[in-house]
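Please open the model in your viewer and keep the selection panel at hand.

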Amino acid sequence: MNSRLAAATNAARVLTVAGVILILSFFVDFLILLFPFQPTNKVWQIDLATALVDRGIVPLVGLGMLFAGYWFDTLEDGNRPAIDLRFPALIVSSILGLMFLLIFPLHLNNIHQASNQRVERIDKEAEQAENQLKTQLLQVQQLSNTEQFKAAIEKQRQQLKAQYTEILKDEQKYKQALESPTIPQAVKDVLKKAKTNPQELDKAIEQQTDPQTRANQQISQIRQSKEEAEKQARELASKSGLRIGISSLLLSVGYIIIGWRGLRAMGALQGGGRKAPAR
């Protein structure tokens, strides 16, 4: 019996110490994460909420160890241990429950606002790129009637036609071009069309060297990239909101149940102080 009592006592001490350390380590991390303190910064709030929720299971495990240690300490003789940490632990659990309950709506709101700001920034950058491209097109169109510009365009078309013709004449080069990951898909499409219909080559080269056509293609690419970036921003926001929001809500429910039910069992919520344990 003495060996069982000693083993239970040692187990109780180990579990209690480990539980207290886990709980304290969470609050140490909490204090460190608060700096630099930027309560009005949405990004800081999102990062803080994410870090706290990711560490939220640590004090829950600590509470479990602490109460297991208390149970081991009263296993043999039923007496209360010299230091009863249940009441402060239950207060801490209730506070954590309320904290994670508040994190749930605040984080969702911050994520929503951050996502909207990101989408607005993407729209603004895309609009600036389009305006810059249109300005460049206007400048090119103003020069399009000059003999120098026409000569440059004609030279470019001849060079492109020579390059395409060289590839089309050599079957090996043609296959290598179609299989090459570095050659744009648009070039491969031109090669395929020109292979079956040589007249398509001149038409494709004319389109490639036409400033208006090239500008329209680039604008289309800008808009497509904008849509993809907006979609990715919204998806990331949704995933973060769901993961942190649901985890925070679950942690809140767990801590509140432990804290409030424990305090009620001890009589702390009934206005009569803590009940003495039955012997």
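Select the charged residues, with Lys and Arg taken as positive and Asp and Glu as negative, while His and the chain ends are not counted: the protein has 34 positive and 27 negative charges, and their mean positions lie 7 Å apart, each charge being placed at NZ of Lys, CZ of Arg, CG of Asp or CD of Glu.

This is a predicted model, in which local features need pLDDT of at least 70 and side-chain atom pairs count only at pLDDT 80 or more, whereas totals for chains, interfaces and linings use all residues. Residues are numbered from 1 along each chain as its sequence is written, and side-chain values use heavy atoms, with hydrogens and water left out.

Next, switch to a cartoon view, where you will find nine helices and zero strands (DSSP runs, H or I of at least four residues for helices and E of at least two for strands). The radius of gyration, taken over C-alpha atoms, is 35 Å, well over the 19 Å from the globule rule for 279 residues (2.2 Å times the number of residues to the power 0.38), so the protein is more spread out than a compact globule. Along the principal axes, the C-alpha atoms fill a box of roughly 105 × 45 × 30 Å.

Now select residues 112–170, which an unreviewed UniProt entry lists as "coiled-coil region" together with residues 212–239. Residues 112–170 are 93% helix and 0% strand, with end C-alpha atoms 56 Å apart.

Finally, select residues 212–239, where the chain is 100% helix and 0% strand and the end C-alpha atoms are 41 Å apart.

Technical notes:
UniProt positions renumbered as here; feature names shortened; annotations may be inferred.
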